[in-house]
Structure formats: C-alpha cells, structure tokens
Amino acid sequence: MPESVVPAYITSLVRHFEDLRDGTHGGAASRKDKEAHFQKAVELLAPVARQVLSEVNTSLLLGAGQITETGPRRTEDGGLDASWALSWPEQRAAGIPPIVLLAHYGGGFHHPHLRGSTVRDWPLNVFTADDAAGQLCTLRAIASGDLHNLVYRADFRIVPAVTAG
C-alpha cells in the first residue's frame, strides 16, 4: 500500500479523536446539527449494511435469513438509533438475538457509534458515500463477530452452512 493512502478505518478514528478534542462531530457543535449528520449517515450506511447482511445470509445461512431494518428512530434516552438485523430459523429456535448492525447516537453521547448485538462500539463518522463504503470492512467485522458470539451462546448448529450435507 502506498504511504500516501490512509485506510478508511484510520481516517475514521482520527476524525473520532479530533471530534472529542474539538467538541464537534463533522464540524457540528449543536445536538440538532449532529443529529442531522446522524440521519444522513444512516441513509448512506443502509446499502452497505444490507450488503453485509446479505453476504452472511447467502454464504452462511444458505438464504434462510430475513433482513429487517428500522430507519432512524428516537430512543428512550432522547437519542437516535437505526438498525439492520438478520434473523433465521435456527437462531430464533435457540432463543438468541439476531445479528444486528446498529447505528446509535445516545442521548448523552458526544457523537454516534456503530455496534452489533454482542459486539460493541465503533466510531460512526460517515458524511459521504465514500465514507459509508469505507465502513464495509467494519460492518463485516461486526456481523462476523456477532455470529461468532451467537454460536457460543447456542452452538454451531445455528449456522446452516455448517450443518448442510
């Protein structure tokens, strides 16, 4: 990799730390403006999140899964969140949560984050379609980590690709 190319995850972390230093998020200082950034980030991330969950569904769940999404919604603490979830019969039968990609901006948070149902926080610094595309590996890691942790909550039989012939 050429020295001048900075990986997307490094750029995202630097933005995150600069926001903490400056008390801003994407140049915004007010909660209202930060929430507007969050709403746009959810819009930009939606196709990337769907792609990741579709990959897991096709390759590991053999098409047995169902993807659902919420769009932005107000949380009990006055924050915002949006989620994309992948559920499937074996997961539901085991009584464990689905694989979840969650964008959340808690009521008391300085800026938003990404997480899964069992995998926790990554900085959410998405302001352009390129930023959203740069999160593909992060969303893949969250989805993979969630599935890994869910297997440990139940067992390997929740993954159809492992139990199929």
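This dialogue shows how to read several features of a predicted model.

User: On what basis are the values given?

Analyst: The model is predicted, so local features need pLDDT of at least 70 and side-chain atom pairs pLDDT 80 or more, while totals for chains, interfaces and linings use all residues. Residues are numbered from 1 along each chain as its sequence is written, and side-chain values use heavy atoms, with hydrogens and water left out.

User: How many helices and strands are in the protein chain?

Analyst: Helices (H or I, at least four residues) and strands (E, at least two) are DSSP runs, numbered from the N terminus. The protein chain has 6 helices and 6 strands, in the order α-α-β-β-β-α-β-β-β-α-α-α along the sequence.

User: Where does D19 lie, and is D19 buried or exposed?

Analyst: Buried means under 20% relative accessible area, exposed over 50%, and partly exposed in between (1.4 Å probe, protein chains only). D19 lies in helix α1, residues 8–22, and counts as buried because its relative accessibility is 7%. Of the 165 residues of the protein chain, 42% count as buried.

User: Which residues is D19 in contact with, leaving aside its neighbours within four places in sequence?

Analyst: Contact means heavy atoms within 4.5 Å. With those neighbours left aside, D19 is in contact with T24, H25, G26, H110, H111 and N125. Across the protein chain, among contacts between residues at least 6 apart in sequence, 58% join residues at least 24 apart.
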